[in-house]
Amino acid sequence: MQRMNHTRIPPGDKETIDFLIIGSGIGGATLAYALAPTGANIVILERGERLKDSHEARDLSAIFERGHYRSSETWLDACGKAFSPGNFYNVGGNSKFYGAVMYRYRETDFQARELPEGDTVAWPFGYDELEPWYGKAEVLYQIRGADGIDLTDPPRSTPFPYPPVPYEPQIADAAERLRRLGLNPAPLPLALDLEKWLARARTPWDGVPDTHSGKIDAETGPLDQALAHPNVQLISGAHVTHLATNTTGKRIEAAHYRQGNKDKKLSADKVVLAAGAVNSSVLLQRSEHPKRAGGLANSSDAVGRYFMNHNTTAMITCDLRKKWSTVHSKVFGINDFYLDDDETGLPLGNVQQLGKISAPVLAANIPIWAPEFLLQWFCDRAVDWYLMSEDFPLANSRVYPKGDRIVMDWQPSNLRTHELLVECMRRLFRKAGYQIILTKPFGNKAPSHQCGTVRMGNDPATAPLDSFCKAYDHDNLWVVDASFLPSSAAVNPSLTIAAQSLRVGNLLSQFG
């Protein structure tokens, strides 16, 4: 690895920065971590600020009922109706609120498949290319897990860094019920220090903000380590509005951003976009190309297209016969139907647990009022689940700017397959002894792993990025967030984004 001898450059200095990273989520923070040891001058622009610890950080009513942390930003759907997208703007991005599940994609997720409701696409490389970087990402994010239980697990060359998060009694009971039905519940791979999390407050972690209290997210994992290097700096509260190129359009000359009430810009030798699947693609579309319409990195007309958002349903199962005192439940998943379902022959998707339903969460998600004691009585007997199926890449599934707003014209696909997964699990949970089963589909108001809007591919006519996430159209632009994913698979994408960011960082580290 060639070391670059640069010192920290104050914002506004005339000297060009080596790497300008826009966004501090999983992709941007992990890339900064990979580049930091080179000595390169690295600046990270982040729209949000650091989350501070407070009473609200573990107040489930404040989080889920009152929306204390939700952005006031609204987007438009295809019909022009405004909605709150559920995205968070802060240092660490959406990972500050994630459920800390970091699955490897399965080998088949990298391959093209023809299915009754649509087709997936092949990645520009296979699982074997990413496998070593998965292992490095698991160490970086301190993943707790167990190999050899989930029969769909792909081959691995390194073990999990830590043993799995233990099950509480109610969850062990649920796993045993499913095992008796012939299923293989397996520990979720979790980026979580459970002891530290519970020491701060005895709450679930899914959807709950991390204030350096036990989740290993983009900030507490890679970003904190990157910022320990004197050549890396973070500028928060910096909302990038557009990128500017040279006269040929081949190089990105500057990122223009607004901080407070001031308009500023920074120049860099290399620019990395990691603002999230929606915001990265919209930023490219809002940036003018001097030679053609459609924005930057968009000679393929694919920027903003092929938007995917997992098909997801929340399912609550309740056995009225016994009360439990469970604090957390997001610890195991079921992939028995991931590769194919014995009855239909179709890959139905993934089933995993949600954080642990509580009265404030339930109150925020039911259409009628009910007294809190009654809701809590129900929750004490319930286990909540998250059912997830793949969404296929469609050219007419788009996100794009409209004035100062963002339009999400999501065209969900593979819906019947997801319905089959919901029906299958409803039958199995009834057999397992749960008398009440409730379901609620998630829609565009939940950012269920948005991806695909600036995808990788081997052909610049159909993909904006090459296999190392470099834009075909520009000499010095990379995109390393969920935008680059050519397909959504049917498991959480965070580890795949981190692994690819490490792979890209390894290549960029070799540049002089």
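This is a predicted model: local features need pLDDT of at least 70, side-chain atom pairs count only at pLDDT 80 or more; totals for chains, interfaces and linings use all residues.
**Exercise 1.** Determine how the buried residues of helix 4 are placed around its axis.

*Solution.* Step 1: list the residues under 20% relative accessible area; in helix 4 they are Q170, I171, A174, A175, R177 and L178. Step 2: viewed down the helix axis, these buried residues fall within an arc of 155°, so they line one face. Step 3: recall that an α-helix has 3.6 residues a turn, so residues three or four places apart point the same way. Step 4: turn to the other side of helix 4, where P169 and R180 are exposed.

**Exercise 2.** Find what the buried residues of helix 4 pack against, and place the strands concerned in their sheet.

*Solution.* Step 1: the packing partners are strand 14 (332-334), strand 15, strand 16 and helix 10 (415-431). Step 2: the open sheet has six strands in the order 7-14-15-16-13-19, paired antiparallel. Step 3: strand 7 (186-187) and strand 19 (436-441) each have a single partner strand, so one side of each lacks a neighbour in the sheet. Step 4: strand 15 (residues 350-353) and strand 16 (residues 382-389) are joined over four bridges, and Q353 stands opposite W385 in strand 16.

Notes
Residues are numbered from 1 along each chain as its sequence is written. Side-chain values use heavy atoms; hydrogens and water are left out. Two strands pair if DSSP finds at least two bridges between them. Helices (H or I, at least four residues) and strands (E, at least two) are DSSP runs, numbered from the N terminus. Buried means under 20% relative accessible area, exposed over 50%, partly exposed in between (1.4 Å probe, protein chains only). The arc is that of the directions from the helix axis to the C-beta atoms. Contact means heavy atoms within 4.5 Å.
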